[in-house]
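Here is a short briefing to read alongside the coordinates. Please keep the viewer open as you go through the topics.

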Amino acid sequence: MPTATLKIFLVFGDPKRLRTAELSNWTGKAVAGPRSEFDKLLAREESLNPGVYFLTGIDPKSNKHAIYVGEAECIKDRIKNHLGKDFWNHATYFITKDENLTKAHIRYIEGRLIKIAKSADRFVVMNNQGSGAKLPESDREDMEVFLEKMQQVLPVLGIEAFVSAVSKEQRDTQRELLTCKIKDISASGYLTPNGIVVLSGSQAVLQERDSAKSYPGVLSQRNKLIEDKDLIEQAEKFIFTKDIEFSSPSAAAAVIHGGSANGLMAWKNKQGKTLKALENATGFSTSLSSRTSGGPYFVYTTAFMSIP
């Protein structure tokens with residue numbers, strides 16, 4: 001994606017409350033806020049425009065992040081119909097400042113977003129069916145550009161439903177593979193902005209170690225991967241059936257080892273250097289801590305802000 005300048009306006013000064021987001025040299029605009037400020041979201045002039053909206057929260061059945069993608073010629077009128085849905089706690093909508101989106105445009109964008117979200121498989125998509133619309137070639141290309149801009153803004157607003165585990169930039173960039181081993185078990189992966197991706201075909205131990213009992217998050221994450229068939233038993237070990245992104249190297253190593261693991265020491269490059277040694281050599285500053293989802297983990301000292 002091209003570089004961009006993003007302007008976020010905090011309407012009440014609080015990053016958790018109502019806010020707007022705009023990219024430089026783009027006609028699109030996002031408005032986002034919690035469900036508790038539903039009336040304020042719809043009181044804004046932007047809500048009278050056509051656009052695409054997102055309702056995000058937690059799916060009560062799976063306890064996973066969930067999203068509903070919708071389109072409307074008048075966002076205010078349509079979102080009111082979703083008050084009966086109790087899974088969502090946050091709403092975001094996109095409009096154009098030049099009011100140049102037609103019904104066909106927003107249906108096309110909605111259809112593409114539903115498809116992208118299902119492919120990324122990060123959130124449960126709550127839409128019962130797909131959508132979409134046919135557009136002339138020139139309009140279709142314009143909407144693809146609009147989509148690209150939306151996808152630059154959405155993660156900043158806390159919506160990562162459309163971010164694939166392997167981005168186009170990561171596919172086009174040569175990555176340094178890391179390996180995590182324990183006895184005859186071996187897994188491969190690479191670092192990402194969100195943590196680490198363990199590659200399909202990687203292995204994990206079949207039986208949890210005693211240390212897993214002290215970290216119930218390890219057992220919970222492993223059991224969920226097994227339940228979803230992302231880990232399948234094969235020749236007295238588990239095999240990853242697809243690429244899985246973990247929040248930290250330690251979380252990944254804990255699932256692979258079947259117990260608490262220090263990801264900074266467990267992951268090594270092909271020369272045998274640990275992740276800790278690699279980070280120290282390149283000037284990264286890290287700190288160790290612990291968490292119930294897998295023991296020690298690392299935190300870069302780079303400052304960041306997460307907005308739901």
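This is a predicted model: local features need pLDDT of at least 70, side-chain atom pairs count only at pLDDT 80 or more; totals for chains, interfaces and linings use all residues.

Residues are numbered from 1 along each chain as its sequence is written, and side-chain values use heavy atoms, with hydrogens and water left out. Helices (H or I, at least four residues) and strands (E, at least two) are DSSP runs, numbered from the N terminus.

- An open sheet is formed by 5 strands in the order 14-10-9-8-15, with antiparallel pairing; two strands pair if DSSP finds at least two bridges between them.
- Strand 14 (244-246) and strand 15 (267-268) each have a single partner strand, so one side of each lacks a neighbour in the sheet.
- Helix 7 (residues 249-257) packs on this sheet and touches strand 8, strand 9, strand 10 (195-198), strand 14 and strand 15. Its direction makes about 35° with that of strand 8. Contact here means heavy atoms within 4.5 Å, and axes are lines fitted to C-alpha atoms, for helices over the stretch in contact, with angles from 0 to 180 degrees between N-to-C directions.
- Strand 8 (residues 178-182) and strand 9 (residues 185-192) are antiparallel and share 5 bridges; Thr179 stands opposite Ser188 in strand 9.
- Strand 9 and strand 10 make a hairpin with 2 residues between them, and their antiparallel pairing has 4 bridges. Tyr190 has Val197 of strand 10 as its bridge partner.
- Strand 10 is joined to strand 14 by 3 bridges, in the antiparallel sense, with Val198 opposite Ile244 in strand 14.

**Helix 6 against helix 7**

- Where do the two axes stand? Those of helix 6 (residues 216-227) and helix 7 come within 9 Å and cross at roughly 70°.
- Helix 6 contributes Val218, Gln221, Arg222 and Leu225 to the contact, and helix 7 contributes Ala251, Ala254 and Val255.

**Helices 3 and 4**

- Helix 3 (103-120) has 18 residues and reaches 26 Å from its first C-alpha to its last, close to the 26 Å expected at 1.5 Å a residue. The expected span is 1.5 Å times one less than the number of residues.
- Buried residues of helix 3 include His105, Tyr108, Ile109, Glu110 and Leu113, where buried means under 20% relative accessible area, exposed over 50%, and partly exposed in between (1.4 Å probe, protein chains only).
- The buried residues of helix 3 pack against strand 4, strand 5, strand 7 (124-125) and helix 4.
- Asp121 follows helix 3 and has a positive phi, near 60°.
- Helix 4 (residues 137-153) has 17 residues and reaches 25 Å from first C-alpha to last, close to the expected 24 Å.
- Gln152 lies in helix 4 and counts as buried at 16% relative accessibility. Leaving aside residues up to four places away in sequence, Gln152 touches Met1, Pro2, Ala4 and Leu23.

**Nonpolar cores**

- A nonpolar core is a set of buried Ala, Val, Leu, Ile, Met, Phe, Trp, Tyr and Cys residues joined through side-chain atoms within 4.5 Å.
- The largest has 31 residues, and those with the most contacts inside it are Phe54, Ile67, Ile109, Leu113, Met150 and Phe162.
- Helix 3 gives this core its largest share, 7 residues.
- A second, separate core of 26 residues includes Ile196, Ala251, Ala252 and Val255.

**Loop residues worth a look**

- Glu99 sits in the loop between strand 6 and helix 3; its phi is positive, near 55°, and Glu99 is exposed at 57% relative accessible area.
- Lys229, in the loop between helix 6 and strand 12 (231-233), has a positive phi of about 65° although it is not a glycine. Lys229 is exposed, with a relative accessible area of 58%.
- Lys270 is in the loop between strand 15 and helix 9 (275-281) and is exposed at 78%. Lys270 and Glu176 are 94 residues apart in sequence and 8.6 Å apart in space, C-alpha to C-alpha.
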